[in-house]
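Let's take a walk through this fold, one piece at a time. Have a look at the picture first, then read on.

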Amino acid sequence: MSHSYPSHVTIVDVSPRDGLQNESMTVPTEVKQTLINDLIAAGVKKLEATSFVSPKWVPQMGDNSALLDALAPTRQTDVCYSVLVPNMRGFENAILHRPDEIVIFGSASETFSQKNINCSIDESIERFAPVAAAAKAQGIKVRGVISCTVGCPYEGDIDPSQVAYVTKRLIEIGSEQIGIADTIGVGTPLKVQRALQAALEYADISMLSGHFHDTYGQALSNTLAALQMGVSEFDTSVAGLGGCPYAKGATGNVATEDVVYMLHGMGISTGIDLDKLVVAGERISEFLKRPNGSNVARAIINKRQS
């Protein structure tokens, strides 16, 4: 039973965007700035800073320009600051701040695509084609994320062939990396491996990353299943913040602290200082007045207090 696990894993902390976007209370720009700086201080080298989506749809991200301006003076050259862009207008606003990477997204579920962004899978990818081309022309990396790769709130199980198809389309328009996302957290290890296997028809393993929600408590198992296939990049969210506003009943992303603890326990390096990471998660959880969603963070904090 020997798996050749990657020796190093890149953690993409998505809490500043995916983690905060659905919070009902407005999170001030300086709190987001502190969160990002705390994550970087803990050793996070890649993060989703914000989203250039219309504030009408996601009011929480309305300070996207102000946040990137605030981060600019202390921006680290060895950290990848990603931003989500839904369309050309979002890209034109984002480009003023020179993000290191833009994130575009498609869905493996036709119904989810219609309900989430009001267009078909093919239409959504055609809409992103000029965005990806413009980013590449400016030397900015392009990552394509595929939502609902194993299950959809409307369609149930998703056929892996859908994942293969969307992977192919995203690569055709210029995605250099493909995120395989279990948006509603219904996946189990073999389903996740089948989705990844389908993406491998068109993408190299080094291009793939995992984004697993913990709705059914399967995110760590699914991360392990992806690691066994050689996936070495994962989206996680400190303190388990965030979910998907369009996916009914979807609870948060997997907690960064839990994934880092597991990886370190397996002898896989992340470059992250777990104690500093716990501080970052605790600080934002206290601000949001909500319990910390990370089992590992709670255990470490309880141990400190005992």
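Start with the sheet: eight strands close into a barrel in the order S1-S2-S3-S4-S5-S8-S9-S10, with parallel pairing. On average, neighbouring strands here are turned by 30° against each other, if you ignore direction. Keep in mind that what you're looking at is a predicted model.

Now zoom in on one pair of strands. S4 (residues 101-107) and S5 (residues 141-147) run in the parallel sense and share seven bridges. Along that pair, Phe-105 sits opposite Val-145 in S5. Helices pack on this sheet too. Helix H3 (residues 64-71) touches strand S2 (46-51) and strand S3 (80-84), and its direction makes about 140° with that of S2. Helix H7 (residues 160-172) lies across S4, S5 and strand S8 (177-182), running at about 160° to S5.

Next, find helix H11, which covers residues 274-288. Which residues of H11 are buried? They are Leu-274, Leu-277, Val-278, Ala-280, Gly-281, Ile-284, Ser-285 and Leu-288. These residues cover an arc of only 160° around the axis, so they end up on the same side of H11. What do they pack against? The partners are helix H2 (29-41), helix H10 (256-265) and helix H12 (295-305).

Just after H11, Lys-289 takes a positive phi of about 55°.

Terms used. Residues numbered from 1 in each chain as written. Predicted model: local features only at pLDDT ≥ 70, side-chain atom pairs only at ≥ 80, totals over all residues. Heavy atoms only, no water. Helix = DSSP H or I, 4+ residues; strand = E, 2+ residues; numbered from the N terminus. Expected span 1.5 Å × (residues − 1). Buried < 20%, exposed > 50% of the residue type's maximum accessible area, 1.4 Å probe, protein only. Arc of directions from axis to C-beta. Contact = heavy atoms within 4.5 Å. Pairing = 2+ DSSP bridges. Axes fitted to C-alpha atoms, helices over the stretch in contact; angles between N-to-C directions.
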